[in-house]
Amino acid sequence: MSQPSAEATSDKPLRYRRVLLKISGEALMGKGLYGIDNETVKRIASEVKEAKELGVEMCLVIGGGNIFRGVSSAAQGMERASADYMGMLATVMNALAVQNALERIGQYTRVLSAIEMTAICEPYIRRRALRHMEKGRIVIFAAGTGNPFFTTDTAAALRAAEMGCDALLKGTQVDGVYSADPKKDPEAERFEHLSYHEVLMRDLKVMDQAAISLTRESGIPIVVFPIGERGGIVGALTGEGASTVISDEKP
C-alpha cells in the first residue's frame, strides 16, 4: 500500500528535509550486554515517527554490534571476510526488529538489503529506494554495502549520497563529538562544529575515514546527537537539541 508523503505537523523549523539516520547496534541493547531490548526499540521507533510527522523523508542504516557482540567469541580466529558477513546478517536482524516496531505504530516501511534475501526483504536497488522515499515510506538499508571490509558507517555515508540526503544523522551515547571519551576523561572538550578535515586530522572516532571522505565529497553534513535521550532525533533536525555538526560550512 502506498500513501502520500507526510506533511509537516509542527511549527518547528527544519534544517533538513531528507535525512539518513545511522543507529548503532549497541543503541538497541538498552542496558543489556548484547541483543535487542524491545522497549528501547519501541522508543527509538516512536521518535522516528515524530520526526517523520514533521514532514521529513527518512531512511535508516542500523549497525549489528549488539548481536555480533554475542557471537564475537565464535568469530575469533575467523578470516575477516567471513566475520564481516556475519556482521551484515546481524544488521538484517536489527532492521527487521526496527521495521516491526515502526509498523506497529502505523509507519510504512521497507527493508532493502545489499545481500539478496527475497523471502524477508527487498534487494537494494537505488531507484526503488528513491521511489519508496518519494511515497513517504521509511526505508531501512540492511547488510551494509554488501561487501566485507566496509563498516556500516561507510554504508550510511554511501546510501546518504545515493539518496540525495541533506544530512546524515548519527545517533551516539553522548551529546556530540568530544576530543576524548568523556566517560573516561572529564576534561574532554566538546565541539559544536567541526570541519571534515579537523575530524580526520584530530583522528576523532566519529565515523571511519572512508565515511568522512564520502560525506565530504558529497557535501553532506554529519550531525552527531544523543540517541539515548528522548527527543534527540527531532532536536537534531531542528537544531534545538544538543549535537555536533560536521561540515565545511561555518554555522
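Analyst: Strand 9 pairs with strand 11 (residues 244-246) in the parallel sense, over two bridges. The model is a predicted one, in which local features need pLDDT of at least 70 and side-chain atom pairs count only at pLDDT 80 or more, while totals for chains, interfaces and linings use all residues. Residues are numbered from 1 along each chain as its sequence is written, and side-chain values use heavy atoms, with hydrogens and water left out.

User: What makes strand 9 and strand 11 a pair?

Analyst: Two strands pair if DSSP finds at least two bridges between them, and strand 9 and strand 11 have two bridges. Leu 194, for instance, has Ile 246 in strand 11 as its bridge partner. The strands are DSSP runs (E, at least two residues) and the helices likewise (H or I, at least four), numbered from the N terminus.

User: Why is strand 9 called an edge strand?

Analyst: Nine strands form an open sheet of mixed pairing, in the order 4-3-5-2-1-6-10-11-9. Strand 4 (122-123) and strand 9 (193-194) are its edge strands, since each pairs on one side only.

User: Which strands pair with strand 6?

Analyst: Strand 1 (residues 18-23) pairs with strand 6 in the parallel sense over five bridges, with Leu 168 as the bridge partner of Leu 20. Strand 10 (residues 222-226) also pairs with strand 6 in the parallel sense over five bridges, and there Lys 170 stands opposite Val 224.

User: What makes strand 6 mostly covered?

Analyst: Six of the six residues of strand 6 (residues 167-172) are buried, that is, under 20% relative accessible area, where exposed is over 50% and partly exposed lies in between (1.4 Å probe, protein chains only). Ala 167, Leu 169 and Gly 171 point one way, Leu 168, Lys 170 and Thr 172 the other way, and all are buried.

User: Why is Asp 203 called partly exposed?

Analyst: Asp 203 has a relative accessible area of 43%, so the label is partly exposed. Asp 203 lies in the loop between helix 6 (196-202) and helix 7 (209-218).
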